Amino acid sequence: MVTTLNFSGRTADALAFYQEALGAELLFLMRFEESPLPPAEREGLDDLVFHATFRIADTVLMASDAGHRPGQAVVPFSGFSLALRLQSVERARSFFAALSKSGEVVIPLARSEFTSWYGIVIDRFGVSWKLNVDEAGIA
């Protein structure tokens, strides 16, 4: 199963943010102007992202602006979080700080009772991230 995130007309901005903040690797990107949709069905959407595939650490995700119409309100994300298991506290701190910029810290990244380090942040696009480092599991 691969998660697809719909950024309501902001997919290109989100991908650029994740590339800078998390070192995301863009694997594939197709804009509406390149899509197989007839011109009448993509009117006003040509510069938006029809489909993208990207990787963060070992996780592949997809993203799209499909379903968005110019002038339409942004649909907020809800009901899920993306969990990142990281191999170092330094990397977790870096990711957490980057995701926190213009975002909201829900649980600060800190030592935890159930794992070594844990924190939750909602990024500026409204995506909830759970960051976890288990120092005992690091070889």
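Biologist: Leaving aside its neighbours within four places in sequence, which residues is S8 in contact with?

Modeller: Contact means heavy atoms within 4.5 Å. By that rule S8 touches D65, H68, V74 and V75, with neighbours up to four places away in sequence left aside. This is a predicted model, where local features need pLDDT of at least 70 and side-chain atom pairs count only at pLDDT 80 or more, while totals for chains, interfaces and linings use all residues. Residues are numbered from 1 along each chain as its sequence is written, and side-chain values use heavy atoms, with hydrogens and water left out.

Biologist: Where does S8 lie, and is S8 buried or exposed?

Modeller: Buried means under 20% relative accessible area, exposed means over 50%, and partly exposed is in between (1.4 Å probe, protein chains only). S8 sits in the loop between β1 (4-6) and α1, and its relative accessible area of 7% makes S8 buried.

Biologist: How many helices and strands does the protein have?

Modeller: Helices (H or I, at least four residues) and strands (E, at least two) are DSSP runs, numbered from the N terminus. Here there are two helices and eight strands, in the order β-α-β-β-β-β-α-β-β-β from the N terminus on. Of the 139 residues, 37% count as buried.

Biologist: How should I read the largest nonpolar core, and which residues have the most contacts inside it?

Modeller: In soluble globular proteins, nonpolar side chains tend to be buried together. A nonpolar core is a set of buried Ala, Val, Leu, Ile, Met, Phe, Trp, Tyr and Cys residues joined through side-chain atoms within 4.5 Å. The largest one here has 33 residues, and F7, Y18, F54 and W129 have the most contacts inside it. Elements giving two or more residues to this core include α1 (11-22), β3 (49-56) and α2 (89-100). Take F54 as a case: beyond four places in sequence, its contacts include L5, Y18, L27 and V60.

Biologist: What should α2 span, and how far apart are its end C-alpha atoms?

Modeller: The expected span of a helix is 1.5 Å times one less than its number of residues. For the twelve residues of α2 that gives 16 Å, and the end C-alpha atoms are 16 Å apart, which agrees. Its buried residues are V89, A92, F95, F96, A98, L99 and S100, and they pack against α1, β5, β6 (104-111), β7 and β8. Just after α2, S102 takes a positive phi of about 60 degrees.

Biologist: How many salt bridges are there?

Modeller: A salt bridge is a side-chain nitrogen of Lys or Arg within 4 Å of a carboxyl oxygen of Asp or Glu. The count comes to two. In one, E25 pairs with R55, the closest N and O atoms being 3.3 Å apart. E25 lies in strand β2 and R55 in strand β3, so this pair ties together parts that are 30 residues apart in sequence. E25 is partly exposed at 41%, and R55 is partly exposed at 31%. R42 also pairs with D46, with the closest N and O atoms 3.0 Å apart; R42 is buried at 15%, whereas D46 is partly exposed at 30%.

Biologist: Which residues form a nonpolar patch on the surface?

Modeller: Patches are made of residues with over 30% relative accessible area and no salt bridge: like charges are joined within 9 Å, nonpolar side chains (Val, Leu, Ile, Met, Phe, Trp, Tyr) within 5 Å. V2, L27, F28 and V60 form such a nonpolar patch, with about 290 Å² of accessible area together, by the Shrake-Rupley method with a 1.4 Å probe, only the protein chains shown counting as cover for residues. L27 belongs to strand β2 (residues 25-31) and is partly exposed at 37% relative accessibility.
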